[in-house]
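Take a moment to look over the model below. The text then walks through it piece by piece.

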Amino acid sequence: MRTPVGQPARYETQSCPDIEFGRPGGHILRLDLTLPIDVAEPAVVVYLHGGGWMIGSRKSHAARAERLARHGFAVASIDYRPSTAAPLPAQIIDIATALEWLKGPGQGFDVDATRVALWGASAGAHLALLATATPAIPRTPHDLPGPPVQAAVGYFGCYDLTSRGDLDRPDAASPIPREILEQDWPPGVPAPPSSRYLRARVLGVEESTVSDRDLAAISPFANAHDIHVPVFLLHGTRDSVTSVQQSRRMAQELRRRGETVRLRLLEGANHEDPAFDTDTTIAEVAGFLHEHLDRSCPTPPPPTMPYNKEIDSK
């Protein structure tokens, strides 16, 4: 299959860090905004960090946001409440709060809040896709508008949290990344915690009481019928944390439902592998986002070149 090759990065950027965008539940949330210089009203990409819904920070992988901003996007790397502070749907509410901020105070930064995408890594990828299916999420306030986004990008996410998803085994021959092993997990949390433990915490229940019904309710795979934006999924074939089958099956389910989806498998790459931050990979992400976020009268499509193990649809 062929993939559009993104244009080279060409903009200088400026950083606007530590901006408070809301206090849901009394929890102060901040974002770091990276802006491309000399781009009027750029489209916005909201970046959601990983960390098992429990740890991590908007400042994780800050260079990733800067690299994408060089392609002409404003990138808002946001914090969301960890599962130790509040279970779902708190994290979805936090994403919606950030989007509301973009339409209000965020206008002071001359960004276009009508052209927005969600981009997440690991747990953030799960939230990015889940947020596009807001109407299906239990306990979400009825007055919470669905995130008005035009596209979603997921890096090595877990999309089926049920026991069926557990059959998708990570690559046992690849090491657990040091980034995960050396994390400072909260007191009392096994290090590193099991996926079932993390899922129980984001649900707000005890691990022994987790049910497939509850997990399906917060799984993008089970809620694919409510995902109606173009999706780009990227995953390494040697992921030791989240099986590459998660992205394969998610792409297949979206494609089966007639949605626009692209799958890019990075041969030999592990979880949070440097391969996800190369100029080539970021240019692919930028090309996808330009395709779906740019205003009407798009420019002609860029040249194409083949890549291994990729599925494109629609």
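Helix α2 (residues 90-103) and helix α3 (residues 123-131) pack at an angle of about 75 degrees, with their axes 10 Å apart. Axes are lines fitted to C-alpha atoms, for helices over the stretch in contact, and angles run from 0 to 180 degrees between N-to-C directions. α2 and α3 are therefore roughly perpendicular (65 to 115 degrees). In α2, Q91, I92 and I95 meet L127, L130 and A131 of α3, where contact means heavy atoms within 4.5 Å. Five of these residues are nonpolar, one is polar and none is charged (Ala, Val, Leu, Ile, Met, Phe, Trp, Tyr, Cys and Pro count as nonpolar, Asp, Glu, Lys and Arg as charged, the others, Gly among them, as polar).

This is a predicted model: local features need pLDDT of at least 70, side-chain atom pairs count only at pLDDT 80 or more, and totals for chains, interfaces and linings use all residues. Residues are numbered from 1 along each chain as its sequence is written, and side-chain values use heavy atoms, leaving out hydrogens and water.

Now a loop. N223 sits between α7 (212-217) and β8 (231-236). N223 counts as buried, at 7% relative accessibility (buried means under 20% relative accessible area, with a 1.4 Å probe and protein chains only). A polar atom of the N223 side chain lies 3.3 Å from the backbone oxygen of A216.

Last, the whole chain. The chain has nine helices and 11 strands. Of its 314 residues, 55% count as buried.

Methods
Helix = DSSP H or I, 4+ residues; strand = E, 2+ residues; numbered from the N terminus. Parallel < 35°, antiparallel > 145°, perpendicular 65-115°, else oblique. Buried < 20%, exposed > 50% of the residue type's maximum accessible area, 1.4 Å probe, protein only. Polar contact = N/O pair within 3.5 Å; in protein donor to acceptor, adjacent residues only side chain to side chain.
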